[in-house]
Amino acid sequence: MEWMEIRVLTTTEAADLISEILLEMGSEGTVIEDRNDVFANQRPEGQWDIIDPAIADRIGEDVKVSGFFPADERLGDALAALRERLRRLGETAGELPLGKLEIVMNDFEDEDWSQSWKRAFQPVRLGEHFVVRPGWIECPLEAGDREIVIDPGLAFGTGTHETTGMCMALVEKYVRPGMTVIDIGTGSGILAIAAAHMGASRVLATDLDPVAARVAAENARDNGFGEAIETRCGDLLQVVDEAGDVVIANIIADAILQLVGPVRACIADGGVFISSGIAADRRAEVEAALTAAGYEILDAPVKGEWAAFAARKR
């Protein structure tokens with residue numbers, strides 16, 4: 001079946017109202033693209049996701065609300081009705097900013113949308129011997145390889161982001177058999193699984209998002225580490241009540257700056273704090289905070305626009 005995307009250019013204040021109108025017109029669903037959402041999630045009160053600011057640039061100044069309609073004989077009537085609703089809205093909105101209310105149309109072929117996103121997730125080699133792949137793709141392994149099969153679900157962390165890749169290499173370097181490892185903000189659980197592969201006898205993986213905590217637990221079980229990895233839902237150190245030989249935090253610079261002092265209580269003497277998700281222009285700031293808090297910098301890789309640290313607790 002052919003479909004038509006009807007996109008309305010509007011404002012943050014009017015986006016929900018436009019979405020409701022599109023649904024009333026018969027849209028199969030709606031999508032709102034708002035650059036303000038990107039900036040909101042970059043603030044300290046956000047969910048600590050790593051969001052590329054270039055996303056905001058691609059969205060542009062206009063808020064875009066898209067509806068999806070079958071490209072059949074009903075489309076003309078739906079479009080005419082939408083134009084009339086938008087005209088009336090412009091006359092009655094009062095002080096509500098509506099923006100341009102321009103309509104942009106794009107046609108596309110139907111497909112299985114629940115499966116199409118999988119094409120972007122391909123096997124990737126990280127560190128010296130880690131191979132991360134989705135469950136629906138097989139790939140050849142070399143001698144000494146450690147395979148991690150990941151279903152990211154709705155959680156961040158497939159191994160394709162530079163920050164995850166740098167953390168994987170540091171986990172491979174510093175985690176040794178018998179260690180206890182704590183992974184703060186585990187996402188899909190990929191770093192916790194990597195630590196278990198390196199021989200950690202116990203891994204505590206935490207995440208603020210209950211969906212991420214559930215996905216991480218499922219991925220741990222699917223990779224054969226359901227007993228070694230415990231997942232908990234909580235913010236940063238909220239649910240951490242023990243010390244680890246290695247503590248991992250692949251989050252963002254602001255959260256790491258908050259953690260450098262308090263997390264010392266969760267690191268064994270001489271233990272290592274691995275941190276990443278740090279924009280390269282914040283690298284010096286994080287390094288200074290780590291040094292001031294009593295850490296010895298062991299490694300400080302940079303990849304693309306991102307930086308990471310491995311620092312030993314003195």
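Tutor: Contact means that heavy atoms lie within 4.5 Å. Among contacts in the protein chain between residues at least 6 apart in sequence, 67% join residues at least 24 apart.

Student: What kind of model is this, and how are its residues numbered?

Tutor: It is a predicted model, where local features need pLDDT of at least 70, side-chain atom pairs count only at pLDDT 80 or more, and totals for chains, interfaces and linings use all residues. Residues are numbered from 1 along each chain as its sequence is written, and side-chain values use heavy atoms, with hydrogens and water left out.

Student: How many helices and strands does the protein chain have?

Tutor: The protein chain has 10 helices and 15 strands. Helices (H or I, at least four residues) and strands (E, at least two) are DSSP runs, numbered from the N terminus.

Student: What makes Glu24 and Arg85 a salt bridge?

Tutor: The term requires a side-chain nitrogen of Lys or Arg within 4 Å of a carboxyl oxygen of Asp or Glu. For Glu24 and Arg85, the closest N and O atoms are 2.9 Å apart, so the pair meets that definition. Glu24 sits in helix 1 (residues 15-24) and Arg85 in helix 4 (residues 75-92), so the bridge ties together parts 61 residues apart in sequence. The whole structure holds 22 salt bridges.

Student: Why is Glu24 called exposed?

Tutor: Buried means under 20% relative accessible area, exposed over 50%, and partly exposed in between (1.4 Å probe, protein chains only). Glu24 has 52% relative accessibility, so it counts as exposed. Arg85 has 23%, so it is partly exposed.

Student: How do you know that Lys173 and Asp299 link distant parts of the chain?

Tutor: Lys173 is in helix 6 (residues 162-174) and Asp299 in strand 13 (residues 295-299), 126 residues apart. Their salt bridge has its closest N and O atoms 2.9 Å apart. Lys173 is partly exposed, at 43%.

Student: What joins Arg202 and Glu242?

Tutor: A salt bridge joins their side chains, at 2.8 Å from N to O. Glu242 lies in the loop between strand 10 (229-233) and strand 11 (244-250), and Arg202 in strand 9 (residues 202-207), so parts 40 residues apart are tied together. Shared partners extend this into one network of Arg202, Glu230, Arg232, Asp241 and Glu242. Arg202 is partly exposed at 25%, and Glu242 is partly exposed at 21%.

Student: What makes strand 5 and strand 7 edge strands?

Tutor: They belong to an open sheet of 3 strands with the order 5-6-7 and mixed pairing. Strand 5 (124-126) and strand 7 (146-149) each have a single partner strand, so one side of each lacks a neighbour in the sheet.

Student: How do you know that strand 5 and strand 6 pair?

Tutor: Pairing needs at least two bridges found by DSSP between the strands. Strand 5 and strand 6 (residues 130-133) have 3 bridges, in the antiparallel sense. Val124 stands opposite Val132 in strand 6.

Student: Why is Lys313 called buried?

Tutor: Its relative accessibility is 11%, so Lys313 falls in the buried class. Lys313 lies in strand 15 (residues 306-313). Its side chain reaches the backbone oxygen of Ile267 at 2.8 Å. Lys313 touches several residues beyond four places away in sequence, among them Arg264, Asp269 and Tyr295.

Student: How much of the whole chain is buried?

Tutor: Of its 314 residues, 48% count as buried.

Terms used. Polar contact = N/O pair within 3.5 Å; in protein donor to acceptor, adjacent residues only side chain to side chain.
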